[in-house]
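Dear colleague,

Please find the structure below, together with its sequence.

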Amino acid sequence: MVKLIKDLYAAGIKLGIVTSRGSDTLVPNLEYLGVRECFDYLVTCDTTDIHKPNPEPALLCCKGLGVEPKDAIMIGDSRFDIACGNNAGCDSCFVSWSFSNTRADIEAFSPATYYIDKAEEFLDIVL
């Protein structure tokens with residue numbers, strides 16, 4: 001994922017994060033991985049009182065990035081990530097290496113626009 005993030009950033013793709021994690025743990029992890037500077041906007045559980053699968057976190061991130069939801073892709077490993085993006089009017093991409101949900105779980109709850117098995121596949125979608 002670190003290589004993917006750096007490749008997307010190098011390609012000039014605006015990147016944001018919508019997470020249920022707090023900024024107190026998110027930011028140090030991004031700094032440790034050397035990718036904090038790649039993200040233009042962060043939405044954490046401290047940023048909003050409304051959480052995934054509600055569209056509000058994704059909409060807030062799109063606004064912070066200055067992009068329309070129809071021009072954004074929410075990538076995630078849980079049904080709540082995918083539903084949040086879908087509910088906001090974004091495309092969505094489910095990563096199959098998740099331990100929290102399976103493709104069948106996603107398709108039953110809120111089908112994703114894209115499904116990928118390897119991080120590199122996301123570059124093909126975005127570029």
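In this predicted model, the side chains of D81 and K52 meet in a salt bridge, with 2.5 Å from N to O. A salt bridge here is a side-chain nitrogen of Lys or Arg within 4 Å of a carboxyl oxygen of Asp or Glu. D81 lies in helix α4 (residues 79-88) and K52 in the loop between β2 (41-43) and α3 (56-65), so the pair ties together parts that are 29 residues apart in sequence. Helices (H or I, at least four residues) and strands (E, at least two) are DSSP runs, numbered from the N terminus. Both D81 and K52 are buried; buried means under 20% relative accessible area, exposed over 50%, and partly exposed in between (1.4 Å probe, protein chains only).

As to conventions, residues are numbered from 1 along each chain as its sequence is written, and side-chain values use heavy atoms, with hydrogens and water left out. Because the model is predicted, local features need pLDDT of at least 70 and side-chain atom pairs count only at pLDDT 80 or more, whereas totals for chains, interfaces and linings use all residues.

The count of salt bridges comes to four. Another of them joins the side chains of K3 and D7, at 2.7 Å from N to O. K3 and D7 are four residues apart in helix α1 (residues 2-10), and are therefore separated by about one helical turn. K3 counts as exposed because its relative accessibility is 61%, while D7, at 27%, counts as partly exposed. K70 also forms a salt bridge with D71, their closest N and O atoms being 3.4 Å apart. Both K70 and D71 are exposed.

A cavity is a set of points, on a 1 Å grid over the protein atoms alone, where a 1.4 Å probe fits but cannot get out; a pocket is an open set with protein on both sides within 12 Å along at least five of seven lines; lining residues have an atom within 4 Å of a point. The largest cavity has a volume of about 50 Å³, a volume being the space filled by probe spheres set on the grid points. Its lining includes K52, H51, T48 and P57. By class, that lining divides into four nonpolar, five polar and one charged residue.

The largest pocket contains about 1300 Å³ of space. Its lining has 39 residues, of which M1, G16, I17, F39 and I75 lie nearest its centre. Two or more lining residues come from each of α1, β1 (16-18), α2 (23-33), α3, β3 and α6 (120-126). The lining has 28 nonpolar, five polar and six charged residues.

I75 is found in strand β3 (residues 73-76), and counts as partly exposed because its relative accessibility is 31%. G76 is also found in strand β3, but counts as buried at 8% relative accessibility. G76 and F94 are 5.3 Å apart in space, C-alpha to C-alpha, although 18 residues apart in sequence.

Yours sincerely

Key. Ala, Val, Leu, Ile, Met, Phe, Trp, Tyr, Cys and Pro count as nonpolar, Asp, Glu, Lys and Arg as charged, and the others, Gly among them, as polar.
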